[in-house]
Every structure is written in structure tokens, then in C-alpha cells.
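Please keep the sequence and the coordinates in view throughout.

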Amino acid sequence: MEALNKISFLLGVLLLFSMAVALANAKTCYHDFVVQTTKVNRLCNTHNTITVNGQFPGPTLEVNNGDTLVINVANRAHENVTIHWHGIRQLRTGWADGPEFVTQCPIRPGGSYTYRFTIQGQEGTLWWHAHSSWLRATVYGALVIHPKEGASYPFPKPKRETPILLGEWWDANPLDVVRESTRTGGAPNISDAYTINGQPGDLYNCSSKDTVIVPIDLGETHLLRVINAALNQELFFSVANHTFTVVGADASYLKPFTTSVIMLGPGQTTDVLISGNQPPARYYMAARAYQSGQGAPFDNTTTTAILEYKSAPCPAKGILSNPVMPALPAFNDTATVTAFTQSLRSPNKVEVPSDIDENLFFTVGLGLFNCPSNFPSSRCQGPNGTRFASSMNNVSFVLPSNFSILQAHRQGVPGVFTTDFPGNPPVQFDYTGNVSRSLWQPILGTKVYKLKYGSRVQLVLQGTNIQTAENHPIHIHGYDFYILATGFGNFNPQKDTAKLNLVDPPMRNTVGVPVNGWAVIRFLADNPGAWLMHCHLDVHITWGLAMVFLVEDGVGELQSVEPPPADLPPC
Ligand code: C2O
């Protein structure tokens, strides 16, 4: 007995010691981001492109869990900008979250702002992107969070790691594309290419000499940190002749499983291991659209990069000038998407919030505005002379234009938003059926939903069949949440509650709400602030598919939003 006590005492000392080391190791990482206009040549044309530090994609930030990041963003471009650290919880540091007019006013041309935040308990792959108009089309980069120093992955350490950023490219200025569609009320032009780490790859004009090469060696394991940074498209991703072991998503670990294809909605990340276990040669990695909405035009091109065995004999490289192409699912292969997303599980049993305080039900979907009487028909180029719209619970979200919601809330400025976002649909209907045309037109509003600190929230996200049903990647700022279940049709509390996974549901920051279906998520509202929730298809957020959770301060010392930084951009 005494020996046992001694051992547990020693173990305790060791644990304290290693915790102290981990704390002492947490560091502060300083970066300068200069937002500037850079010439970028793609698809045979040169564009004046807004980038960070002249890089496209922008710089990869590599940190350890526990580190503090201090990033000074100087705006030398001619557009307003903000930077969002997608998936970072921003505990008490909502001022550093980034969405314009939600947590800050934009950094004006010539201005600057320093984002300061600490990574607390997150490990894996996240990313950063502009959160102002459609600037994120070219202003984005990877944010890689390694385990605390001295700690390891819950899987064998890979020999190599590579961020794989899937992007979307317009052979035009993306800001012009969205301005044009906002003027006409019609759908914005579809993109001209997808990209892997900024390059379209061999299947596009004028692109093959710049195709990205990812090296691998026979026998080694390689961690691919796949990020969907595309603006408006869910994407399938696959590597010819290789299978993936999925080990994480959205900077949360997963119970490993194998698959030959993954699907990511914009905003989502997935960490996969691949092994160099194939004959040394060159293999394509490829991404192309998962398009669940029917009838809508979409970019059906395919982007590729090359997985290249370093040990491939030199002549063979020449001979195999055509790498092997993977088989990607059909564009509308929802069954593959469902099978993939239902394989995601937390590694162990988790503590899912129970005894729910807030039982919320939000519809998410499209809509159409009738043409306002003072608009010429050139401004109503949507179906049958309408303008496209989008909404949650029939509210089409309008950003404030001269103040941020967080500032207005903290400083008691009236008239910026209202607190009457409905917790349930104002009218109940057959959401996924044949919806009466009288229910297609939402109302405009800057409405927030207030949450008490510490409330346990269940949110049913219900897709609608208004205008076009499709899969919506819904992202919440400032939170990770458990995805308890997803399904098709209308959520039915009587029969679907039994399907909730309360044991090992995956944790994410972005959930794909199935086409004409629903998702049930839960989170604990333990982070005070103003948190945007929106569809991560930028075309939909532009049309109003967003709302804000306003989470109040708690009473505890560490339960309130920190004071705003002195250099917060003026409104
Ligand atoms: Cu990737 Cu509102 O964010």
C-alpha cells in the first residue's frame, strides 16, 4: 500500500512538473501581415490580386496549443479588410475574431490593427481568411496548431506534414463579381477554376508548369491538412491509388477510419494520413465539386496536384508524365457524402451538454425578394424578375454599416441591432416539401439571439426546399459544437431524438446541413461576445444566411469579454 502511495505521489509530482514545463513553453508568436495588391498570373491572365505579404495563398502560421498569437495587419490595399481566425475559440477575446461589422469595423486602407489571442485546448488544422465582402477569395492561409511542446499526436508521428488549401479562382476581380450580383440581384458568376495551394493544376490552360508537387517517400506516412477555402463550393478530395486515414477535423481529433474520398464544405478542415505504399511514381490528388443543389450552374472543373514519390526512378518520372487520376464521386453523390460524414466520431466518450436550457430550431435556406417598386428591372435579375435572398428563421441578415455589433453591445449604442431573432420559425410549414410561394420572401433585419453565460444550447438546423434545396455548411464563430445527428426531410423530435449520438459525436466548427435535411448540434455558451453564425458559402452570406448569438458575460472573474484593444479600428 505504502509503495503504491509513493508511486502515485511521484506520478503526481511528475504530472505537475510536466504541466509546468508545458506552461513555461507556451510562447508568443509575432507576425506581420501586409495586405497589398500583388500581380498574380493564373489561367493565362495577370490580375491585380489582394494578398497577404504578396503571397498566394498567404503565409502558413504554425503554433503550438497554448501559444499566444500577435498579428499586426497593415492594410496597404484599396479595399476595407479584416482577418478572421477561422475556428479559433477566441475565449474572452472576441475583439480579435474579425468579421466586419460584427466584432470590429473594418481596417480602412492605410490603417492597421493588431489581433491578439491565445490558443486554448485546440490542436490540428484551422485557417485564417479575410472577413470582408469576398476578399477571402485571395486572402487566406493555413493555421496549423501542433500539440503543446513535449506532447504528441494521438497517432504515430508522420514523417512529413503538408497543408492542402483548396481554393476557388475567378478570372476576374472577385469583388467585382459580388458587386455585380448585388447590383443585379441575380446569381454571381461561377468561378473559373479550383486551386490546390493556389495552383489550378494540369487540367487548366497555362497552368501545368506550376502544378503543385507534394513529395512522399516509399514507406513513409504523410499528414495532409486539407482545408476547403473555396468561396462557394463543397468539394470532394481524393488521391489516386491511396487511401486516407482520417484523424481530425476542424482542429478536433477523430476516431481514425479509412476512406478513399473526403468531402469538405467551405470552412471545414480534415486531417488525413496517407502512406507511401504504392509503386514509386506520380499520382494525382484532385478536388472537384459536390453540388447538391439542382439546376443551379456550378464550376464543374477539376483541380489537381501531384503526389510524387521521391524514389521514383528519374526516367520513370519522365515516362509517367501523365500521373494516375483518382476516381472522384459524381457531382451529386449525396450518398457518399452521407457515408463519410456519418463515419466521423470523437476518439472517446465525450461530455455532451445535457439538461438543455435553450432548445432552438432555425430554418436555413434560400428565398426570393419581390422587386422593390423603386428598382429598375435591371436590378431584379433573379428568377421571374426577383432578387435572390437567403435567411435563417425567415430573417435575412443585414450587417450594420457603421458600427460593430460587439461595440454597440458593450458600449450601449442603440439602433445598431435588435434582440428579437426568433428561436423558432415564425411559421411552421413542411420545410422540405413543396413550399408555398407565399413563404419564399424573408424579412430584412440585424437581429441577434441573446444567450445567458453558461447556457446549454441545442440547435436544430433545418434546411428548406425554398427556391433550391442544397447542403449548407453552417459555421459558428467563437465555438466548437458537437454534431449529434444529421438526417433528411423534416426533423421530427418524436422519432429523431432517439438518433442523437450522446456518446462520441464529432466536434466541429462547421456542419454540413444535408440537402433538404437537418442537423442537431449542441454547445455550452461559455464564451461571451457577439458571434456570427452563417452559411460558409459566401454567395449565401451575401444574400443574408446569417445571424448573431450575443452571449452575455458571466459573473466569474474569467467570464467576461476583455476590454477592447486601444487600436481597434474606429467605426
Ligand atoms: Cu470562416 Cu465567418 O468564417
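**Strands, a helix and a domain interface**

Student: Which residue in strand 30 does Q462 stand opposite?

Tutor: This is a predicted model, in which local features need pLDDT of at least 70 and side-chain atom pairs count only at pLDDT 80 or more, while totals for chains, interfaces and linings use all residues. Residues are numbered from 1 along each chain as its sequence is written, and side-chain values use heavy atoms, with hydrogens and water left out. Strand 25 and strand 30 (residues 517–524) pair in the antiparallel sense over 7 bridges, where strands (E, at least two residues) and helices (H or I, at least four) are DSSP runs numbered from the N terminus, and pairing requires that DSSP finds at least two bridges. Within strand 30, the residue opposite Q462 is W518.

Student: Why is strand 25 largely enclosed by the rest of the structure?

Tutor: Strand 25 also has a parallel partner in strand 20 (residues 358–370), to which 7 bridges join it, and there F362 stands opposite L461. Buried means under 20% relative accessible area, with exposed over 50% and partly exposed in between (1.4 Å probe, protein chains only). Strand 25 (residues 456–463) is largely enclosed because its buried residues number 7 of the 8.

Student: Which residue in strand 6 stands opposite I71?

Tutor: Strand 4 (residues 68–75) is mostly covered, with 7 of its 8 residues buried. Strand 1 (residues 28–42) runs parallel to strand 4 and is joined to it by 8 bridges, with F33 opposite V73. Strand 4 also pairs in the antiparallel sense with strand 6 (residues 112–118) over 7 bridges, and the residue of strand 6 opposite I71 is Y115.

Student: Which elements do the buried residues of helix 2 pack against?

Tutor: Helix 2 (residues 174–184) has P174, L175, V177, V178, S181 and T184 as its buried residues. At the start of helix 2, a side-chain oxygen of N173 reaches to within 2.9 Å of the backbone nitrogen of L175, and the helix is followed by G185, whose phi is positive, near 80°. Taking contact as heavy atoms within 4.5 Å, the buried residues of helix 2 pack against strand 21 (386–392) and helix 7 (538–543).

Student: Is F331 buried or partly exposed, and what is its relative accessible area?

Tutor: F331 is found in the loop between helix 3 (314–319) and helix 4 (334–341). Leaving aside neighbours within four places in sequence, F331 is in contact with F236, R288, A289, Y290, Q291, F298 and N300. F331 is partly exposed, with a relative accessible area of 24%.

Student: How much area do domain 1 and domain 3 bury between them?

Tutor: The protein is divided into domain 1 (10–146), domain 2 (160–341) and domain 3 (358–559), with bounds that come from an automatic or database domain assignment. The C-alpha centres of domain 1 and domain 3 lie 25 Å apart. Buried area is the accessible area (1.4 Å probe) that two parts lose on being put together, summed over both, and for domain 1 and domain 3 this comes to about 2,200 Å².

Student: How far apart are the closest N and O atoms in the salt bridge of R136 with D538?

Tutor: A salt bridge is a side-chain nitrogen of Lys or Arg within 4 Å of a carboxyl oxygen of Asp or Glu. Between domain 1 and domain 3 the count is 2 salt bridges. In the salt bridge that R136 forms with D538, the distance between the closest N and O atoms is 3.0 Å.

Technical notes
A polar contact is a pair of N or O atoms within 3.5 Å; within protein, one must be able to donate a hydrogen and the other to accept it, and residues adjacent in sequence count only if both atoms are side-chain atoms.
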